[in-house]
Structure formats: structure tokens, C-alpha cells
Amino acid sequence: MERRAPLVVSAALVASLGLGLTGLAASPALASEGGSTDLSGLLGRLAQTETATPADPEDASDVTADEGASADEAAPEASTASTEEDGLAAIKSGLLGGDHASAAKSAPTASSSATDSSASSQPAKLSDDPYAMQFEFDGSVIQLPCAVADLMDLGFALDEADAGDVLEDGYTASVTMNFGDPDDYIYVICSIYNNSGSEKPFEECMIDDVYLMAGSLEGHTVVTPGGITLGVSTREDVEAIYGPAEDPYEDGDYVALGYEKNGDYRDSMDFTIVDGVLYEIDIHSSGEYQVSQAAAAARDDADDAEAAGTTTATGPVERVSPEIAELSSDPYSYQFSLDGVNFQLPCYVADLQAAGFMLEAGEAGDILEDGYQTSTSMYYGDPDDYVYVTVTICNVSGSELPLSECMVCGLSFNERTLGEAGHTVEIPGGIVLGTSTEDEVMAALGEPVYAWESDDGTATSYDFQASPDDFYNSISLWFDEGVLTEISLSVTPM
């Protein structure tokens, strides 16, 4: 978990980036290792970029490929996107969730040169199966999951910050792997895992996700089954192989297409087309990945003991903040009702734990320094059910604290990740997630300080503040076809 100085990203900023609604859904990826990102030095430049929102790969489903269809083999000029543009695009992707949160990592500055003999046997040529979870880099084929050593054999090296780091059994991490001189900014972003039964150096771990961007692989050729080529192929080429995506995301010249093998999100292919050309490919394959039984049992025991869930080794977690009998009539009291239990920001992590939400496994004991904040997800029940809220956790205690003892100064409730699972969220003014309309919200909150609308008019978002200059205390609401689909509350911690 990286730390970052107190900072609030409002819907006004998100809207100014040209981001759509779908990608704003809270993402579990933000809770993964490396999910907290220092954004303070980049906001000014982000506000001037035009990269749009990636779609959520969990929305995609398996589509049968059209036999005989072939990708466009025409070779246009190489991409001239600058390194900074690539980095900003990756950071936006991390802000919006899904599996791209690791892309928010800053561009590499140095590399390792370690080698390893544990490379796996890789295919000699690309499969004809579009769901083979393969890609070809400069003529060499890689099939996921693969060993870190397989990419090292092709000339990639772990970033200096990661080289030699150790990964515990049963855990994952996001890493950058550079090709050649790190100053050339030719790299891929990978998710690595260890299920060996004991801790391993990163160099000896496995890879189950590779994120390939045209801007960061300029001058190199990346092809997936069916002849789909990074920086060359079009939406038509992708759909000729995979068929139409079930739930594509489109915003002007930005299109995101997601596909799953047999409807299993653990084996997925995601393609992003910008200005008509394939700009990003994300291949994820963990269908065969199983954490060792011993590690899984040990981790479960540790999670219970460190209060990652609703109980600890000493008994149930108790609410810290005073009980609130009923919601205030003041819409700017920053109160909310979750399943009939009332809260007011800022509150404590323990308050949400007492209501049944838990920090992700292993996070409860992570230390947050005084004066810093981080974003993560808190799950209700089994994390694999993806029922969660996104929270901003802050520490203003005067000394470092474990996350489980910190305060919550921001929350985001999404209809898809909460409401559809049967949970209810309400804020003052009778505003209810998944039910209230734009007209009802305007009547309760008045005119927004900022408004955004998608190109097709179906998605909108609004920022509301008690004072126009009070940027750090805000209510942000998102609507899909006029119905409230996301509520975000943010306050300055006391």
C-alpha cells in the first residue's frame, strides 16, 4: 500500500477528464497491492488530457468468434504518443477501476538484469483459438499464465524498484517490466502471483495478467490470435474474431470491448480502441491458478485474527461513532443510511465493520502515517461476490495507525456493486441509490456546482457543495438514463 497526502478527487475533476459513468464504478482493484497512488503532482496535466473511460471487464461475456474472419493486416504509421501521454492514460485507467489500477504506477526509471532458469515451455506459434490467452511479441509467443522468466527471456526486466522483492505464498502484486533501457520507456505492466507453497523472489513468480499499450511498446509488434495487432487493428477487426461485445463502452472516439472465455471473468480479453485504432490489450488468465491449500488456510486464519472481517480474535467489532436515530434534514450534513443504519462522515472504519463490511484480506493491519489517506474497498460477505463500497481512509490522529483504527472521510456507493445485491443506501432529502431521479435530486439539493453529460445524453453526473468554494466537502451523484446509480460523499477529516 502506497501512501499519499490528503487529496480529494471530485466528480467535477473526473468529468473534466472526459470520463464516462461505467468506469467510475468502484473497483476492487483499488484495494490490491499498489492500489493507492500519489496523484498530487499530476492533476493539472490530467485535466488537460482527453483520454476517456475504460469499460469494466467484469461486464463482458464470452462471444463465439466468427470463423474465417481475419484481422486487418494493413500497417499504418507507428504511434507517436509521448511517454507522458502514455503515463497519464495509465493513471486515468487506474482512477477508473477494473483491472487497470496497476497501470497508475509511475513510468520506470531503472531495470534489473537478473535471469532465471524457471521459464515455462511456450508455444512456437499463435493458436487459432481466440481464447487461448496468448500474444506474440516480436515473433515470440507467450501464453498466460506464464513465468516471469518467460518475459525476461524475451528481453524484459523487472523495474529496479521490484527486482529482488519477495512475494509471500498465496499473494499477488503488480509490476512493471522494461524492455531494454528503462529510459526508452518501452514496458508492459503485469500481475504476478505465487502459489508455490513458500515465499519467492518476484523473478521466480508467475504472471496471470499482461497489460499492453501501443504507446509504451512503440516500434515493437504485438499480435493476438486471429491477427489482431496492437496499434494497427480496428474495432471491426476485433469484432470479426470475437463478435460484438455484450456490453461495450463507447465515448466519442473511445471504445472498450471486453470478452470472457466461457463467461468466466478469470479468463478475459479486453481491447481498447482510440481514434479507430487498437491502443490497449489486457489479457487476464488465472483460470488454472489455485492458491496452495496450506497458504489459503493460513491466510484465512490470519484474516480472522487481524479483524479483516466483522469479528476479531476477541469478539465482534463494535461501532465507535455515536448512534444516529434518524437522518438529518440537512442534505449537507454528509450523513447516509446503509441498510437502515445511519452514519455521518467522517466516521470510523470500525463503524462499517460493525455494519458487516470488511477490509480486504491482509489490509487491516497495514499502517497509515499521520496526515495521509488511502483508498480501498470494504467488502460485504465473500469478496468473490463483489459486493463492496469504496472508501477513503484517513489518519489525523497525530501518530501512525493500522487501517482498522483509522477514520473514513469519503465513500462511494454504486448500484451495481451494492444495490443489485439487495443493499439500500439513502442520503438526506430522500435520495435513494437505484431509485431517485435527476428531478428529485435537484429538488432536494438545488443547483449543482458542476454538471457533466455523455455524448449520447444517457449518462450524467453532478457535483453539489454547500459552498461553491468548498471543494473538499462535496456530494457527487451519477445517473444512467435519469436514475441514480452512484453516490459519492467526501469531507475534510477533522
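Leaving aside its neighbours within four places in sequence, with which residues is S436 in contact?

**View 1. Surroundings of S436 in the predicted model.** S436 contacts G430, I431, V441, F479, G482, V483 and L484, neighbours within four places in sequence being left aside (contact: heavy atoms within 4.5 Å). The residue sits in the loop between β28 (431-432) and α8 (438-445); helices (H or I, at least four residues) and strands (E, at least two) are DSSP runs, numbered from the N terminus. With a relative accessible area of 2%, S436 is buried (under 20% relative accessible area, 1.4 Å probe, protein chains only). A polar atom of the S436 side chain lies 2.8 Å from the backbone nitrogen of V432.

**View 2. Strand β32 and its partners.** Of the 8 residues of β32 (residues 483-490), 6 are buried, so the strand is largely enclosed by the rest of the structure. β31 (residues 474-480) runs antiparallel to β32 and is joined to it by 7 bridges (strands pair if DSSP finds at least two bridges between them). I475 has L489 of β32 as its bridge partner. The hairpin of β31 and β32 has 2 residues between the strands, and E481 takes a positive phi near 55° there. β26 (residues 407-414) pairs with β32 in the antiparallel sense over 5 bridges; N414 is bridged to E486.

**View 3. T376 in strand β23.** T376 belongs to β23 (residues 373-380) and counts as buried at 1% relative accessibility. Its C-alpha atom is separated by 5.9 Å from that of T390, 14 residues apart along the chain.

**Notes.** Residues are numbered from 1 along each chain as its sequence is written, and side-chain values use heavy atoms, without hydrogens and water. In this predicted model local features need pLDDT of at least 70 and side-chain atom pairs count only at pLDDT 80 or more, whereas totals for chains, interfaces and linings use all residues.

How values were computed. Buried means under 20% relative accessible area, exposed over 50%, partly exposed in between (1.4 Å probe, protein chains only). A polar contact is a pair of N or O atoms within 3.5 Å; within protein, one must be able to donate a hydrogen and the other to accept it, and residues adjacent in sequence count only if both atoms are side-chain atoms.
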